[in-house]
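Hi,

Here is the structure I promised to pass on.

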Amino acid sequence: MKTRISPQAQMVLGVLSQRCCHLTAEEILGSLEGIGAATVYRALERLTELGLVHRLALGRKSAVYELVRGNHMHFVCRRCGGVFDIPADLSGMVTEAAKCCGHQVQEADVTAFGVCKDCRSAGTQPDSPAGM
């Protein structure tokens, strides 16, 4: 059975694919005309359920959304709040979880926190090293 994606959800997918970054629901809404906030939130929920969109709650006020793509981890700048993708092969984590404990990993999410290169070059210092 084919899964139907509403025209509004297709519009949301279009914004995420055009912008290729991590967007809040409000930012997505601001890129669309003739679509209400509740519709955007419903579309994001449905697209997340279908595995087309990934919702990231990274210690920010609002969650951000991205298209599901290849293996990568996230880096969150504690100064500017930027979220960056870092290519990473997470298959070792999945294999290790199955080997040591018998778990079946369905999804893996790795996030690092620190200060991005732009904030570092601007002379902004971190509050404290994370976990060290």
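A quick definition to start: a salt bridge is a side-chain nitrogen of Lys or Arg within 4 Å of a carboxyl oxygen of Asp or Glu. Keep in mind that this is a predicted model, where local features need pLDDT of at least 70 and side-chain atom pairs count only at pLDDT 80 or more, while totals for chains, interfaces and linings use all residues. Residues are numbered from 1 along each chain as its sequence is written, and side-chain values use heavy atoms, with hydrogens and water left out.

Now the salt bridges. The structure has four of them. In one, R69 pairs with E66, with 3.4 Å between the closest N and O atoms. R69 also meets D85, at 2.0 Å from N to O. (Helices, H or I with at least four residues, and strands, E with at least two, are DSSP runs numbered from the N terminus.) Together, E66, R69 and D85 make up a network of salt bridges.

Is E66 buried or exposed? E66 is buried, at 2% relative accessibility. Here buried means under 20% relative accessible area, exposed over 50%, and partly exposed in between (1.4 Å probe, protein chains only). R69 is partly exposed at 43%, and D85 is partly exposed at 31%.

Another salt bridge joins K99 and E96, at 3.7 Å from N to O. These two are three residues apart in helix α4, so about one helical turn separates them. K99 is exposed at 64%, whereas E96 is partly exposed at 40%.

Next, take a look at H22. You'll find H22 in the loop between α1 (7-19) and α2 (25-30), and this residue is buried at 13% relative accessibility. Which side chain does the side chain of H22 make a polar contact with? The partner is E66, at 3.0 Å. (A polar contact is a pair of N or O atoms within 3.5 Å; within protein, one must be able to donate a hydrogen and the other to accept it, and residues adjacent in sequence count only if both atoms are side-chain atoms.) A polar atom of the H22 side chain also lies 3.3 Å from the backbone oxygen of V83.

Finally, the disulfides: with a cut-off of two cysteine sulfur atoms within 2.5 Å, the count is zero.

Cheers
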